[in-house]
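My plan is to go from the whole chain down to single residues and jot things down as I look them up.

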Amino acid sequence: VLAFGYCLADACTTGYDTYNTTQKTVPTAVSTMDVMLWQSLASVGIPGMTINLIVRSSRFALARTPMAVPAMAAKWMPTFVGLASIPFIIHPIDTVVDHFMDATYRSWTGQLLTKEIEERAPPKSTDERNDRMLEGGAMDQRKSIALEETTPGMDRQ
């Protein structure tokens, strides 16, 4: 509960800062949700499961060892091994979560934000307004031809 409280507080702070910077609700919602998802995965979910696995594996290995281990050490050693593993698991988990978020949520919301910016931007000309109504390769081809015609020094191939 406390860890998710931290995630929520970080997400709310980021959302507040984003709204103060942009004064727009969609980017605010997107950045708030990005931070909430990232923190939930990288700070709570994956580390919790990883440390749990390390502690269970340590307990299993300690139970199978041929040496006699004092009861107090057998009880607390797996916990200490789990705690000692934290500095070694932080950066790999953060990197994996960053790649995962880039490949999923951030790519989806990046497309959403790009679309919203394009839709809210006022058309510069009648041709651009018509281009927005069209879809497909013909529109892209017309835009590239128009760009070539209006860009000095660019030769058409």
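Here are my entries, in the order I made them.

**Ground rules**

I'm working from a predicted model, where local features need pLDDT of at least 70, side-chain atom pairs count only at pLDDT 80 or more, and totals for chains, interfaces and linings use all residues. Residues are numbered from 1 along each chain as its sequence is written, and side-chain values use heavy atoms, with hydrogens and water left out.

**Entry 1: the whole chain**

I looked up the secondary structure and got seven helices and zero strands in the protein chain. Helices here are DSSP runs (H or I, at least four residues), strands are runs of E (at least two), and the numbering starts at the N terminus. Along the sequence the pattern reads α-α-α-α-α-α-α.

Next came burial: 20% of the 157 residues count as buried. Buried means under 20% relative accessible area, exposed means over 50%, and partly exposed is in between (1.4 Å probe, protein chains only). The protein chain exposes about 11,600 Å², and carbon and sulfur atoms supply 66% of that. These areas come from the Shrake-Rupley method with a 1.4 Å probe, and for residues only the protein chains shown count as cover.

I also checked contacts, meaning heavy atoms within 4.5 Å. Taking contacts between residues at least 6 apart in sequence, 59% join residues at least 24 apart.

The protein chain averages 78, and 70% of the residues score at least 70. Where is confidence lowest, and where is it highest? It is lowest in helix α7 (residues 137-150), at a mean of 46, and highest in helix α4 (residues 86-103), at 92. Over residues 133-157 pLDDT stays under 50, and the model has ten contacts beyond four places in sequence for them.

**Entry 2: helix α1**

I tested the length of helix α1 (residues 2-22). Its 21 residues, at 1.5 Å a residue, should span 30 Å, and the end C-alpha atoms are 30 Å apart, which agrees. The expected span is 1.5 Å times one less than the number of residues.

Which residues of α1 are buried? I found C7, A11, G15 and T18. Seen down the axis, the buried residues of α1 fall within an arc of 65 degrees, so they line one face of the helix. The arc is taken from the directions from the helix axis to the C-beta atoms. What covers these buried residues includes α2 (25-64).

The face of α1 turned away from the buried side carries the exposed residues L2 and Y16. Y16 has a relative accessibility of 57%. I also put Y16 against A29: they are 13 residues apart in sequence and 9.8 Å apart in space, C-alpha to C-alpha.

Q23 has a positive phi of about 60 degrees although it is not a glycine.

**Entry 3: S40 in α2**

S40 sits in helix α2. Is S40 buried or exposed? S40 is buried, with a relative accessible area of 18%. Not counting residues up to four places away in sequence, S40 touches F4, C7 and G45.

I counted aromatic pairs and got one. The rings of W76 and F80 have centres 6.5 Å apart and planes at 35 degrees, so the pair is tilted. The rule: rings of Phe, Tyr and Trp (its six-membered ring) pair if their centres lie within 6.5 Å, with planes under 30 degrees apart stacked, over 60 edge-to-face, and the rest tilted.

Both residues lie in helix α3 (residues 71-84), four residues apart, about one turn of the helix. W76 is partly exposed at 40% relative accessible area, whereas F80 is exposed at 53%.

**Entry 4: Y105 in α5**

Last stop: Y105, in helix α5 (residues 105-120). Y105 is buried, with a relative accessible area of 13%. Which residues is Y105 in contact with, leaving aside neighbours within four places in sequence? They are A29, V30, M33, D34 and L37. Y105 and V30 are 75 residues apart in sequence, but 9.3 Å apart in space, C-alpha to C-alpha.

How values were computed
pLDDT = per-residue confidence, 0-100.
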